Amino acid sequence: MYLLGYDIGSSSIKAALVDAQTGKQLAVAQSPETELDMLALQPGWAEQHPETWWANVCLATQKLLQSTRVDPAQIKGIGIAYQMHGLVLVDEKQEVLRPSIIWCDSRAVAIGDKASEEIGSEKCLQHLLNSPGNFTASKLKWVKDNEPALYERIHKIMLPGDYIAMRLTGEIRTTASGLSEGILWDFQENTPAALVMDYYGFDKSLLPELVGTFSLQGEVTTTAAKATGLISGIPVNYRAGDQPNNALSLNVMEAGEVAATGGTSGVVYGVVDQPLYDPASRVNGFAHVNHSSETPRVGILLCINGAGIQYSWIKQQMAEHGMNYSEMEKAAAAISPGADGLRILPFGNGAERMLGNKAPGAKINNLQFNRHQRAHFYRAALEGIAFSFVYGMEILQEMGLNLQVMRVGNDNLFQSAVFSGTISNLLGSRIEVLETTGAIGAAKAAGVAAGIYSSVREAMTGNKLVTAYEPVNRNGSYQDAYQAWRSDLENIL
C-alpha cells in the first residue's frame, strides 16, 4: 500500500509517495524544475494561475509514477498541503475567473486595517485571533470593490489547496483550519465568521462546504485520473496549509510543541491548547490540524522576513569566491559565541510583523577593522538570525506557550550547528532535526484519515532523527551577546 502527498508551493509543486506499511519515503518528484512564474502587475501585487498549479500537479504525479513503477491501484489515500492565504475564485462550471491573489500580495492591507478599526480591534482578536489584515477575506473584498462584474460571477471562493482538491475530486470543499487562515473562522462561535462576512458584504453561499481536515473529502474522478496517471476512486482525505502541515510533519500536535523553518524567511509555529492572541498582533493564530471546540489546538505563527535571505546576501557579497555554506559554517564555528562583539540585525527584507510592522533595515554594529575578519561576519550573521528567532519566541512565551521541544526539518539554516546551538542555549530547549518534508507529511496524514495509522503520532514515528541540539551553555557568552544585540534592536525601534 502507498500514500500520495502533495505540497502546493508558490515556487514549485512537490509530490511524494510513501510506503504505508514502513512509513518510508519511496520517491519525491518536483515540477517545474525551475520556479513557478509569479505575476506582479503593480508594485506589491503577487498572483499565480491556479491552472498552472494543476498542470504541474499532473506532471509531478506522472514523473513520480514513472520513476517508481507503482501501480496506482495500490495508492490508498491522498493528502494535500498548500501555500496559505491565497484566494481562488471559480464560477458555477468550476472555471477559474481570475489569477489567484497569493499569500505575498499586499494590495488588501488598507482594507484589512479599516475592517479592524470599524469592527473593533478587540472584537476581531477575541473572535478571529487576528486582525482581518491582508488575508484571504480582505483580498476578496478588494475584488468586490475593484472588479464588481467579475465578483458577481463568483460561485465559490477557495484556498489553493481547496482548488487542487476540486480538480482531483470535482468537489468544492474546505476546512475550519483553512477558513481560519483566511480570517473567516470565528473561534468563539465555532462557525464561519459571520462578523467578517457581514461587514464585507459577502453572501455566505460563497463559502465551500465544510469538511474535517482528516476526512473523506472526495475521490479522484475519471477526468483527473486521465490527467495525472492515477486511477479513479482514490480518496482525497486530508488537506492543510503549509505551516500547520509542516508542524504535523514534524509531529508537533500538542501544547508546548514548536515547529520551525529557516528558509528565505523564518517561521516559528507553536501549539497552544486555547484560543490565544497577541494584543499587539505581532503573531497570528490559526486552527491547527487537530483543532476542535472541545479540544482546542491553535497554531501561533511567527514570521521573520529577514532570515536565510540575509545569510545568502552575506555569502554572495562577503564570502570568498566559490566558498560554500559548509565552509562558511566551519569558519564561523572557529569564532567564539558573540563574534568578538560584532553584531548584525537581519531585518533587511521588508517590514517585520513581530516588530510592529516596522522596517528597521539590516544593521552592522560594533565593527572593528583591526579585530573582525570574514569569519566574524559569518558568525555574527548566523547569530543575528538566531537572536531574531529567540526574540520572537519570547513573544510566544509571553502569550503562554510553554516551550518544551522544537522540531525542525533537515534543511537550510537548521543544518548549521552555530545557528541551532545558539537558539538551543538561549531558550534552554532541545532542538530535534528530522528528515521529512511537507509532501511526505501530507501523505502520512492521508494514511491517518484512511485508518492505516491509529494517530498522527504513530504515522510520524518513522521520521528519522538526523541530529539533536541540547542546551549546554545557558549563561555567559550566549546570553551576553543576545542582550547586546537586543539592546541594539530596541534602540532603533
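Accessible areas here come from the Shrake-Rupley method with a 1.4 Å probe, and for residues only the protein chains shown count as cover. By that method the protein exposes about 19,300 Å². Carbon and sulfur atoms supply 47% of this area.

This is a predicted model: local features need pLDDT of at least 70, side-chain atom pairs count only at pLDDT 80 or more, and totals for chains, interfaces and linings use all residues. Residues are numbered from 1 along each chain as its sequence is written, and side-chain values use heavy atoms, leaving out hydrogens and water.

**Overall shape**
- The radius of gyration (taken over C-alpha atoms) is 22 Å.
- A compact globule of 493 residues would have a value near 23 Å, so the two agree; that rule is 2.2 Å times the number of residues to the power 0.38.
- Along the principal axes, the C-alpha atoms fill a box of roughly 70 × 55 × 45 Å.

**Make-up**
- The protein holds 17 helices and 22 strands; these are DSSP runs, with helices (H or I) of at least four residues and strands (E) of at least two, numbered from the N terminus.
- Of the 493 residues, 59% are buried, meaning under 20% relative accessible area (1.4 Å probe, protein chains only).

**A closer look at Arg 379**
- Arg 379 sits in helix H13, which covers residues 374-398.
- Its relative accessibility is 5%, so Arg 379 counts as buried.
- A polar atom of the Arg 379 side chain lies 3.0 Å from the backbone oxygen of Ile 335.
- Beyond its neighbours within four places in sequence, Arg 379 is in contact (heavy atoms within 4.5 Å) with residues including Ser 336, Val 418 and Tyr 478.

Technical notes:
Buried < 20%, exposed > 50% of the residue type's maximum accessible area, 1.4 Å probe, protein only. Polar contact = N/O pair within 3.5 Å; in protein donor to acceptor, adjacent residues only side chain to side chain.
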